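Subject: Structure handover

Hello,

My notes on it follow below.

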Amino acid sequence: MLDIVIEARKAAIAPGMEVKRILPFRLRRMVGPFIFMDHAGPVDIQPQNASSMDVLPHPHIGLSTVSYLFGGQVTHRDSTGALQVIRPGEVNWMTAGKGISHSERFEDPAMLAGGALEMIQTWVALPEKDEEANPTFSNYKEQQLPIFTEKDVWMRQIAGNAFGLHSDVKTHSPLFYLHVVLKKGARFGLPKEYSERGIYVVKGSIEVSGRPYIAGQMLVFTKGVDPALTALEDTTLMMLGGEPVGERYIWWNFVSSRKERIEQAKADWKEGRIILPPTDNHEFIQLPEDHTRPAGGSHPAPGLLS
């Protein structure tokens, strides 16, 4: 029933910001078009140290970044000119296409009080036909995202289609992305219509086929199975998946179907051909000094990510 269980690993994305990294994993790089998943928080840091968590301007190609918050707030700026404070229940969907840069800053110290900040960021690899599209950014408000409730189950449809619900978030390939909250004892399933499906346990625990799974684990299911999940306690899940878009190479923040395109992106960032956000252009993250090949295809070694 299960293809693999992935244990979240620790990773640092800024001097003061450590996250749990779920995807990519050496033995499972993607679930549907999802090629990256980080879980940040709950963050417990003194408000006066908030700036140490800032993620400075950095580049992307070939993907969409998807930011979703459980608590706190983050200020997003990017090279399209977008400036957006994202709050819990909203979605920031930024499509890099041929190249974009963005920053994420924590500019309201009050939002860090008591470990309030908690967020999930995923990357969705673009189909080949969209890899060189012009970059775009959209913020979707809480009321724009469908909600489903029944006894002991609450679900928000972040993107895509599942369980008869449709999100208006613009996507480029068939996928689903859900925030699900289960009360102890609740039973739930997975959308049946997608080739690849995964569940990340944010908090709490679930039972599948008589075995328990806990917070920090991602379960990736075999195509065609119809698992029943039971919440062993009050539990929060992120469910995601969809149809594969093909093999992808990944290095640092770059994703592409072609290794040579990643080499071009490295040169473009180093030479300043990917512009900085106009309202956040005084500092940026330098291209890492690394000589590894892009990971993907037949290469098993993880790429550099941040």
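S209 counts as exposed, because its relative accessibility is 59% and exposed means over 50%. Please keep in mind throughout that this is a predicted model. S209 is found in the loop between β19 and β20. Its phi is positive, about 50°, although S209 is not a glycine. Most residues other than glycine have a negative phi. The hairpin of β19 and β20 has two residues between the strands. Four bridges join β19 to β20, and the two run antiparallel. Within that pairing, E207 has P212 in β20 as its bridge partner.

**The sheet around β19**

Which strands make up the open sheet, and in what order? The order is β17-β22-β19-β20, with antiparallel pairing. At the edges are β17 (187-188) and β20 (211-214), each of which pairs on one side only. Two bridges hold β17 and strand β22 (residues 229-231) in an antiparallel pairing. There, R187 stands opposite T230 in β22.

S205 belongs to strand β19 (residues 205-208). Is S205 buried or exposed? S205 is buried, because its relative accessible area is 6% and the limit for buried is under 20%. Not counting residues up to four places away in sequence, S205 touches Y213, I214, T230, A231, L232, E233 and T235.

Strand β7 (residues 74-78) and β8 run antiparallel and are joined by four bridges.

**Nonpolar cores**

In soluble globular proteins, nonpolar side chains tend to be buried together. Here, the largest nonpolar core has 26 residues. Those with the most contacts inside it are M37, V91, W93, Y177, Y200, M218 and M238. Apart from that core lies another, of 23 residues, including M155, I206, Y213 and L219.

What does M238 touch, not counting residues up to four places away in sequence? The contacts of M238 are M37, Y68, F70, I120, I158, Y177, L178, H179, G198, I199, Y200 and V202.

**Aromatic pairs**

The structure holds nine aromatic pairs. One of them is F36 with W123, which is stacked, at 3.9 Å centre to centre and 15° between the planes. This pair links distant parts of the chain: F36 is in strand β4 (residues 34-40) and W123 in strand β11, 87 residues apart. Both F36 and W123 are buried.

W252 and F254 form an edge-to-face pair, with 5.7 Å centre to centre and 90° between the planes. W252 counts as buried because its relative accessibility is 3%. F254 is buried too, with a relative accessible area of 0%. W251, W252 and F254 form one aromatic cluster. K266 lies over the face of W251, at 4.1 Å from the ring centre.

**Backbone points to check**

W252 comes up again here. Its phi is near 55°, a positive value in a residue other than glycine. W252 lies in the loop between β24 (249-251) and β25 (254-256).

Most peptide bonds are trans. Where are cis peptide bonds found here? One joins L23 and P24, with omega about -5°. P24 is in the loop between β3 (17-23) and β4. Another joins G41 and P42, with omega about 0°. P42 is in the loop between β4 and β5.

**An exposed loop residue**

E128 is in the loop between β11 (118-125) and β12 (136-140). E128 is exposed, because its relative accessible area is 56% and exposed means over 50%. Leaving aside neighbours within four places in sequence, E128 is in contact with R248 and S257. The C-alpha atoms of E128 and G62 are separated by 8.4 Å, and the two residues are 66 apart along the chain.

Best regards

Note on methods: Residues are numbered from 1 along each chain as its sequence is written. This is a predicted model: local features need pLDDT of at least 70, side-chain atom pairs count only at pLDDT 80 or more; totals for chains, interfaces and linings use all residues. Side-chain values use heavy atoms; hydrogens and water are left out. Buried means under 20% relative accessible area, exposed over 50%, partly exposed in between (1.4 Å probe, protein chains only). Contact means heavy atoms within 4.5 Å. Two strands pair if DSSP finds at least two bridges between them. A nonpolar core is a set of buried Ala, Val, Leu, Ile, Met, Phe, Trp, Tyr and Cys residues joined through side-chain atoms within 4.5 Å. Rings of Phe, Tyr and Trp (its six-membered ring) pair if their centres lie within 6.5 Å; planes under 30 degrees apart count as stacked, over 60 as edge-to-face and the rest as tilted. A charge sits over a ring if NZ of Lys or CZ of Arg is within 6 Å of the ring centre and within 35 degrees of the ring normal.
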